[in-house]
Structures are given as structure tokens and as C-alpha cells.
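Please read the points below alongside the sequence and the model. They are meant for checking side-chain contacts by eye.

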Amino acid sequence: MSNTRTQFSSRLGFILAAAGSAIGLGNIWGFPTQTASNGGGAFLLVYLIMVFILAYPMLIAELTIGRYGEANPVRSLCKIWSNNKFLASILGLIGITTAAAILSFYAIVAGWLVGFMLSPICDMLGFSSAATWLESFGAVRNTILMLIFMGLTMYVVSKGVDDGIEKWSTRLMPLLIVLMLVMIGYILAQDGATQGLQMYLIPDFSKIDADLIISAMGQAFFSLSLGVCVMMIYGSYLKKDANLPKTALQVALLDTGIAFLAGLLILPAMFVAQHNGVQIYNDAGQLLSSDTLVFQVLPAMFDTMGTMGPIISVLFFLLMIIAALTSSISMIEAPVATAAEQLNQSRSKSVLWIGGAITLFSIIIINNFGALFGLVITATTEYAQPLVSLAFALIVGWAWRQDKLLAEIKSGYEGVESGLFWKIWPWYVRIVCPVLTLLVFANTIM
Ligand code: PHE
């Protein structure tokens, strides 16, 4: 069966698809929001440390499991942990369920992007009440916009890996980077921007506490799409001649670079907006409505751009929707591929029932927003993702026969066994990653 599976058609295609999964709302909505609410530079610093000492080694682990298995995550995990197939399957199922749960809130936020993209268009056409409605928080509006985004996601995934996912990712990611650079150039020239820049780049070490550390860890796992079998399923479509540690590094660098740029845009933009009279902090110095912060600050910035404002705004939100789409399709791909292979179903049938179930759950969240939205985010990103990743690291470190692991890494990376990587990494995922992750949790509980 593995011979008939599709693969990414080129190495660049894979890197862009995996980076496409990594780059999304986590970078442009999650990271700046977290940075702003956790004191700026201190968060940036801890985040960067988390990405490189914890998330990156675990990204290699997840990609390696997938490529070795050449199958859906449940099957790949069973292949490695062959004397405990039951637990391996449960773990795979927890991972893909987490991916589905993430999509249920992700689609809501991505729906807001759809609203903010359509709103200036309605304005230009003279439908100003529709424009206002699209930007105003409300259950009906949230539901309709979420449905549009889920529909797009299900459509692309039903097309399959090479035709849908890869094509979209390769085309539009570079454009987003260019547009962000232009916007950063613009915002840094405005009054008030330096204050944001200072907050972002000069760490205030007194802000570092257990909460900040666990948020930074969760954000790093979220941003690299870890612990939810997504990188595992993408790894399973990767050709055997790809160098795994190098590919993972490229993905991690691209993802972190974009998050950094987003901070460089949003934090100064916050202070420019404040300078222009938009209230962003309450009297106690806390951010107002942190979830929707980005959606207040960006339109405030576009408003100052004159006639170009609406055009740049539509373009920016359009590209963001695409970035979100290359992430959302990766989230649904993990459960869909698993269901299709394990239950012997057609891809389109699995897309339909899995997408339908996620949509229902999204509707429940929308109608209990205050109680569920933040809860689902915390449960999935701060707890499930790091803990499932931890289990993956333990499996790679302890359950996998080291000669087989070496053979898998060697494919695409000749001579790895004599280099530094092979001296450090296996021990690192076996001991350091699990201990570090547990330390962060212990710290939070105490
Ligand atoms: N990494 C994606 C982002 O930053 C989100 C994501 C999480 C994608 C988990 C897949 C799996 O937006």
C-alpha cells in the first residue's frame, strides 16, 4: 500500500507545505497577542529558547516517525512501538483528536479574517451596514464566517496532497512575506512605533514567571504544529532522500522568522493605534480583549493609510486566510488520512464526516464563547500538544530500535552516524526533551 501513497513532488514542495502548516494564525495572531500580553521582549526571548531547545528536536522526531512509517499516524506509531500497539494507537488517536479540536477554534478565528477581508469590499461597494456587521462580534456572524472557512478547508483537503495542499502552499506564502515587510516599513515610520519596538525587543526579565514559560512552550508547539500528528502525516509523504534534521531546521527557521516579523508589525502597530486614540490597555494596564487585539489594531492601521488602506487591507487579510488555510488543511489531513486508511474509506467520505463533526464542535464553542473558547485553546495548545510530543519523544528515544532509527535518519543524510548530530540528538530526545517539558509543567503546578 505504501507504494501507492502520494508524496510531495519536490523537496521545496514539502518544505513549503510543512512551513505552510507551521505558518498561520499562530504566527500572526497567537504570537503577537501572547507577546503583548506577556510583557513583550521577555516573552520573545523565552519563546525563541523554547523553539530551539525543545520544539525543533521534537519536530525532527515527529517527521522521522512519519517518514519511517509511510502510513497514517496510528499505523506509524504501531510500527515503531510494536510490542504495545494498543497504547501506540491510543496515542495516535489522542494526537489526531487534538488536531481536530484545534481546528474547531482555529476556524472561528480564521472566519474573522474572512470578515475583515470582505468588510472593506462591502464598504467600497456602498454596503456600509454589511461592512460593519462583518467586523462586529456576534454568534451569527461568527458562525457564517466559520462555515465559509471550514468549507474552503474541506474543499482543498478533499483534493488530496499533491494537487491541493502543495499547490496552494507553494504559490502564495512568498507573497505574504513581501506584504508584511512593506507594512512593517510603513508602521515603523509612524509616531508611537518606537515605544512598541522597545517593548518588543528589550526584555524585562522581571516578567519571566511560570505562566510566561508555559505559554511560550505552548506557543512554540502550536506554531510548529507539533504533538498532533500533523508533522507525522506530512513526514509520511516525504521522500526518502530528504535530509530530516536539515529540512526540519528550514521549517523551524521559516516559521520563527514569520512570527518574529509579525511581532515587528503588530507591537509597533498597537502603540501607533494608541497614539491615534485607540484604547488598547485598560486602567490596570492589561490588554483589552486580547483575542481580538490583532483585529482592532490592524484595521486601525489600515485606516491611516489613506486611499491605499482598503486595498492593502483586503490583500493582507486574503493572504492571511491562505496562510490559515495551509494550516487548517494540515490539521484535518491527519484525521482524514487516518480514517481513510484505517476504515478503508474514500478520502471524500472521511473529509465529510470529520469536517462535519469539527464544524458542529465549532458551533458549540461559538454559542458558549466565554466558557469554551479560551478553555479549548489552553487545553489543546498548553497541555495536549506538549504532552503528546513528550510521548512521541519517549517512543523515539526508548521504544524504537536505535539501529532502525539510525537507518531512517541516514536515508537522505549520509554519514550522519559520524557527526555531532547523531552523538547528541538521540540522547537529547530520550532524556533532555522529556525532562524539560516535565519541568515546565511541574513549575506551573507549583
Ligand atoms: N502551526 C499553525 C499556526 O501557527 C497551527 C497548527 C497547529 C497547525 C497544530 C497544525 C497543527 O497557525
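The notes that follow take up aromatic pairs, charges over rings, a surface patch, salt bridges and one leucine.

1. Basis. This is a predicted model, in which local features need pLDDT of at least 70 and side-chain atom pairs count only at pLDDT 80 or more, while totals for chains, interfaces and linings use all residues. Residues are numbered from 1 along each chain as its sequence is written, and side-chain values use heavy atoms, with hydrogens and water left out.

2. Aromatic pairs. Rings of Phe, Tyr and Trp (its six-membered ring) are paired if their centres lie within 6.5 Å; planes under 30 degrees apart count as stacked, over 60 as edge-to-face and the rest as tilted. The count by this rule is 24 aromatic pairs. In one of them, phenylalanine 105 and phenylalanine 222 have ring centres 6.2 Å apart and planes at 25°, so this pair is stacked. The two residues are 117 apart and link distant parts of the chain, with phenylalanine 105 in helix α5 (residues 85-124) and phenylalanine 222 in helix α10 (residues 210-223). Helices here are DSSP runs (H or I, at least four residues), numbered from the N terminus.

3. Burial of that pair. Buried means under 20% relative accessible area, exposed over 50%, and partly exposed in between (1.4 Å probe, protein chains only). Phenylalanine 105 counts as buried at 1% relative accessibility, and phenylalanine 222 is buried at 11%.

4. Phenylalanine 369 and phenylalanine 373 are stacked because their ring centres are 4.4 Å apart and their planes are at 15°. Both lie in helix α16 (residues 369-399), 4 residues apart, which is about one turn of the helix. Phenylalanine 369 and phenylalanine 373 are both buried. These two residues and the pair in point 2 belong to a cluster linked by ring pairs, whose members include Phe105, Phe222, Phe369 and Phe373, along with Tyr106 and Trp112.

5. Charges over rings. A charge sits over a ring if NZ of Lys or CZ of Arg is within 6 Å of the ring centre and within 35 degrees of the ring normal. Lysine 79 lies over the face of tyrosine 68, 4.7 Å from the ring centre. Arginine 430 is placed over the face of tryptophan 398, at 4.8 Å from the ring centre. Tryptophan 398 is in helix α16 and counts as exposed, at 54% relative accessibility.

6. Nonpolar surface patch. Which residues form the nonpolar patch on the surface? They are Leu394, Trp398, Trp427, Ile431, Val435 and Leu439, with about 620 Å² of accessible area together. Patches are made of residues with over 30% relative accessible area and no salt bridge, and nonpolar side chains (Val, Leu, Ile, Met, Phe, Trp, Tyr) are joined within 5 Å. Accessible areas come from the Shrake-Rupley method with a 1.4 Å probe; for residues, only the protein chains shown count as cover. Helices α16 and α18 (420-445) each supply at least two residues of the patch, and α18 gives the largest share, 4 residues.

7. Salt bridges. A salt bridge is a side-chain nitrogen of Lys or Arg within 4 Å of a carboxyl oxygen of Asp or Glu. There are 6 salt bridges by this rule. Glutamate 408 and arginine 67 form one of them, at 2.7 Å from N to O. Glutamate 408 is in helix α17 (residues 402-410) and arginine 67 in helix α3 (residues 41-69), so the pair ties together parts that are 341 residues apart in sequence. Glutamate 408 counts as buried at 6% relative accessibility, as does arginine 67 at 0%. A network of salt bridges links Arg67, Lys240 and Glu408.

8. Two further bridges. Arginine 347 and glutamate 333 meet in a salt bridge at 2.8 Å, N to O. Arginine 347 is in helix α15 (residues 347-367) and glutamate 333 in helix α14 (residues 308-342), 14 residues apart. Arginine 347 is partly exposed at 22% relative accessibility, whereas glutamate 333 is buried at 0%. Arginine 401 and aspartate 403 also form a salt bridge, at 2.6 Å, N to O. Aspartate 403 is partly exposed, with a relative accessible area of 44%.

9. Leucine 145. This residue is found in helix α7 (residues 139-158) and is buried, with a relative accessible area of 2%. Leaving aside neighbours within four places in sequence, leucine 145 is in contact (heavy atoms within 4.5 Å) with Gly111, Trp112, Val114, Gly115 and Leu134. Leucine 145 and alanine 242 are 97 residues apart in sequence and 39 Å apart in space, C-alpha to C-alpha.

Technical notes
Patch = residues over 30% accessible without salt bridge, like charges linked within 9 Å, V, L, I, M, F, W, Y side chains within 5 Å.
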